[in-house]
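Colleague: I'm new to this one. Could you walk me through how to read it?

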Amino acid sequence: MKRNNDLIELPRNEIPLILQGDVLECLNKIPDKSINVAVTSPPYWNLRDYETEGQIGLEETPEEYVKKIVEIGNEIKRVLTDGGCYFLNIGDSYYNSDLQMIPAKVAIGMQQNGWKLRNNIIWHKPNHMPSPVSNRFTTTWEPVLFFVKNGAFRKYYFNLDEIRTEHKTKEEKKSNLPEILSVEEFDKLKNKLNLKVAPSNGENYSGKFKDTKRINLGASPGARSVVHGEYYSLQRKREVDEDLKSEIIDYLRIHRVKKGVSAKEIDEKFGYKDTAGHWFRTDYSGSSLPKPEDWLKLKDLLNFDDKYDKIMTEQHYVLQIVKHHPNGKNPGDMWEIPTAKLKDAHFAVFPEELPRRIIKACCPIDGIVLDPFAGSGTTGKVSRELHRKSILIEINPKYIEIIKKRCKIHTRPLHTFVTNQELAMNENDE
Ligand SMILES: C[S@@+](CC[C@H](N)C(=O)[O-])C[C@H]1O[C@@H](n2cnc3c(N)ncnc32)[C@H](O)[C@@H]1O
């Protein structure tokens, strides 16, 4: 789209700036990289008439609609800062009894234009409208697509601490004291429940970081024994401190030298590669102690006595507890938020909790929020309450009055943009 030279002046305080006009025309007036988070809900395809020339949603086909929403996405991408986020609440539509999968098509179109999709959030409406349908399931949720320009770690603003929720379940509140089971107790439990336990010997497991992509697969092989969804790791019973560790390593090295075998030869005998060397290292911090089964094999090979056997071979199972964050948990991607009604508006408005959660997490305190389909201005109202600046775009002049009332705007002049369509109509009139 051709850039318009007369760009607007960005808001300087938390009174929402309203741009009245068509979404693309108005976006065109916003400077590059000036918005921190966009949150919006456009009219859904073929659902409602917003009684305005140029409104979105009444396209002939879902494809035309998807194309438009994706095109608007391009402009939003331009006005977002590099660390900016875009939350798009977009519902689906049926056509000839066939669910069109419009949100998915929009998401794919946006990804093809370089967006990264971070979440497909489910907004579940516990108070959804009763539906007359009797030959399929009632629709009870809508997606909220969460896009960023750059998905790399710490490349976009996301403040999880602002939106953590309370730990609720007993499991979540449980103290962090680890549960310990002896090997016998663990085996008994395993047999009693007739459970298949994931291998703890590293089978089917190719290291913590798979290939060179450094995808963290989580627990070490020892921690991969699962009973009832709980992770137990087989650990040495006695904790070996640094002094004891160096003592054992010295002891091992003396016996290896006495026997006249190299670490490489031990590796070959045990079927390892670059492992045994760590058991004899003089820089103790880079060393590691052999596993119980390796200890016993070494004992056979190097003929040492029982001195450290107990320490090196006695094991028990320790329940792995994921430490819960003291400030609460990540709210997850299933948001249960009741729908809201507004007597002034005859269209679906955001429940305030929806933009609130998004703005708190994704807009820094001195940032700017954008809602390009503002409707009744819920996003502006919430932004103001959260002391963030905001820009609201809305095509229908009737709704501007609702926005002003809800956002308590008495003074600020708003920008009105005459759309191309209106210009064309005026020219035709003459
Ligand atoms: C679903 S409503 C948004 C409701 C809003 N989230 C709220 O909380 O009130 C969609 C809005 O988009 C507006 N709209 C439709 N076509 C538009 C266009 N081309 N440019 C700007 N706004 C448009 C409609 O007038 C309507 O107010």
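Colleague: How do the residues of the shell around the ligand divide into nonpolar, polar and charged?

Modeller: A word on the source: this is a predicted model, where local features need pLDDT of at least 70, side-chain atom pairs count only at pLDDT 80 or more, and totals for chains, interfaces and linings use all residues. Residues are numbered from 1 along each chain as its sequence is written. The shell has 14 nonpolar, 8 polar and 2 charged residues (Ala, Val, Leu, Ile, Met, Phe, Trp, Tyr, Cys and Pro count as nonpolar, Asp, Glu, Lys and Arg as charged, the others, Gly among them, as polar). Among the closest to the ligand are Phe373 and Gly375 (near means a C-beta atom, placed from the backbone, within 6 Å).

Colleague: And how are two packed helices described?

Modeller: By the angle between their axes and the distance between the axes. Here α2 and helix α3 (residues 102-112) pack at about 45°, with axes 9 Å apart. Helices are DSSP runs of H or I, at least four residues, and strands runs of E, at least two, numbered from the N terminus. Axes are lines fitted to C-alpha atoms, for helices over the stretch in contact, with angles from 0 to 180 degrees between N-to-C directions.

Colleague: What does that make α2 and α3 to each other?

Modeller: They are therefore oblique (under 35 degrees is roughly parallel, over 145 roughly antiparallel, 65 to 115 roughly perpendicular, the rest oblique). The contact includes Tyr65 of α2 and Met110 of α3 (C-beta atoms, placed from the backbone, within 7 Å). By class, this contact has 8 nonpolar, 2 polar and 1 charged residues.

Terms used:
Two residues are in contact if their C-beta atoms, placed from the backbone, lie within 7 Å.
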